[in-house]
Amino acid sequence: MKTWMAGTSPAMTWRGCQSLRRFAARILTATTLSLTTYAVAAQTPEEFYRGKTINLIIPNAPGGSFDLYARLAASHLGRFIPGHPAIVAQNMPGAAGMQAANYLTSLAPKDGTVLSVLVPNITLAQILGVASIAYDTRRFNWIGRIIATTATLFTWHTSGTKTLSDLKTRETLVASTGPLSQAEINSTMLNGVVGTRFKLIRGYRGSGEAALAVERGEADGTLMPWEFLKSAHADWLRDSKISIVAIYVRRPIAERPDVRSVYDLAETSEQANVLRLFLGADEMGHPIAMPPDVPRDRVEAVRNALMMMVRDPEFLADAAKRKLDLLPGSHEELERTVAEAFAASPAEIEIARKYYKQ
């Protein structure tokens, strides 16, 4: 005959046993998940990446310079990452690149299976407080770049805007791909700071569409990296279909040293400082990053892979075949450029914000 503990009933004891079983099951589940998480985290980069696919996000529509350079990298980078993962390029246009940056922070897996090319203007947008930003560029795991571009303003041969001085004397219609595009940001800033007379024609989905708009006469011109312009539209240059009006960096174009920089439009030190804040992003080129919180050893593995890739003869031959210039840079250069932007004085930021239109 069974004897029950004093003060308890068989039903209460049964319920207590059930509670203990549920508690034990929860402990077992938590322990299993912890061990699984630990096992994944303890993998070497080679073990983790073997058989995996990395998604390389492209922040613009197909056909532009970001697309071409990203797909060049996607074709080769996997050979140099331990475990040799496949790399699949995926276009994610939206908000002139801000959508890709938000995705990298908020939704992308943080395990090392996502890379993204980012537009350089995202740092300026963050500093100036653009709405709907979910990212912090200081928290990205910067990987490096394969190209730093020379933003170039060109106009169609039928346009009356042909030289730097024309930008202050006549209205110039510029095709824009969005509020955070170089064409829109820089045109708005130059109008306010140095007195240019740009008028924006909006609604184009990428630099390819913007260039076609210029050819069709919907706009006088647009901005495009010189490195992409001379390869994608070599016939326009050869046949004098376009005028190279200005560049948006201080270093000259080697093939066209006659082309002047918009920095020459600055007449005061204040104007020059604001131009540096806006245009310094061009030093970033086409930066590649991983999300925040990716395991450090995987970040380092991909950084090393990128640096090995840009020295690889097969990669260099493919870039030459595609007529794509290269100017590689390390993650340290990208981190330094971001830090310099955040070092801008409050007064300079307020001046820049005055001319920045969201």
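Accessible areas were derived by the Shrake-Rupley method with a 1.4 Å probe, and for residues only the protein chains shown count as cover. On this basis the accessible surface of the chain amounts to about 16600 Å², of which 56% belongs to carbon and sulfur atoms. The model is predicted, and local features were therefore required to have pLDDT of at least 70 and side-chain atom pairs pLDDT 80 or more, whereas totals for chains, interfaces and linings use all residues. Residues are numbered from 1 along each chain as its sequence is written, and side-chain values use heavy atoms, with hydrogens and water left out.

The secondary structure comprises 15 helices and 11 strands, where helices (H or I, at least four residues) and strands (E, at least two) are DSSP runs numbered from the N terminus. Of the 358 residues in the chain, 51% are buried; buried denotes under 20% relative accessible area, exposed over 50%, and partly exposed the range in between, with a 1.4 Å probe and protein chains only. Among the contacts in the chain with a separation of 6 or more, 78% join residues 24 or more positions apart, a contact being defined by heavy atoms within 4.5 Å.

Helix α11 (residues 269-279) takes part in a packing with helix α15 (residues 346-355), in which the axes lie 10 Å apart at an angle of about 80 degrees. The two helices are thus roughly perpendicular, in a scheme where angles under 35 degrees count as roughly parallel, over 145 as roughly antiparallel, 65 to 115 as roughly perpendicular and the rest as oblique. On the α11 side the contact involves Glu 270, Asn 273, Val 274, Leu 277 and Phe 278, which meet Glu 348, Ile 349, Ile 351 and Ala 352 of α15. These residues divide into 6 nonpolar, 1 polar and 2 charged, with Ala, Val, Leu, Ile, Met, Phe, Trp, Tyr, Cys and Pro counted as nonpolar, Asp, Glu, Lys and Arg as charged, and the others, Gly among them, as polar.

Helix α11 also packs with helix α7 (residues 182-194), at an angle of about 175 degrees and with the axes 11 Å apart, and α7 and α11 are therefore roughly antiparallel to each other. Ile 185, Asn 186, Met 189, Leu 190, Val 193 and Val 194 of α7 make this contact with Gln 271, Val 274, Leu 275, Phe 278 and Leu 279 of α11. The residues of the contact comprise 9 nonpolar, 2 polar and no charged.

Strand β6 (residues 172-175) pairs with β7 in the parallel sense over 4 bridges, and Leu 173 has Lys 199 as its bridge partner in β7.

Asp 220 lies in the loop between α8 (207-216) and β8 (221-225) and is buried, with a relative accessible area of 12%. Its contacts, not counting residues up to four places away in sequence, include Phe 154, Thr 155, Glu 171 and Leu 173. Ser 243, in strand β9 (residues 242-247), is likewise buried at 15% relative accessibility, and with that sequence exclusion Ser 243 touches Leu 153, Phe 154, Thr 155 and Lys 162.

Most residues other than glycine have a negative phi. His 84, in the loop between α3 and β2, has a positive phi near 50 degrees and is exposed at 56% relative accessibility. Ser 132, in the loop between α5 (121-127) and β4, has a positive phi of about 70 degrees and is exposed, with a relative accessible area of 60%.

How values were computed. Axes are lines fitted to C-alpha atoms, for helices over the stretch in contact, and angles run from 0 to 180 degrees between N-to-C directions. Two strands pair if DSSP finds at least two bridges between them.
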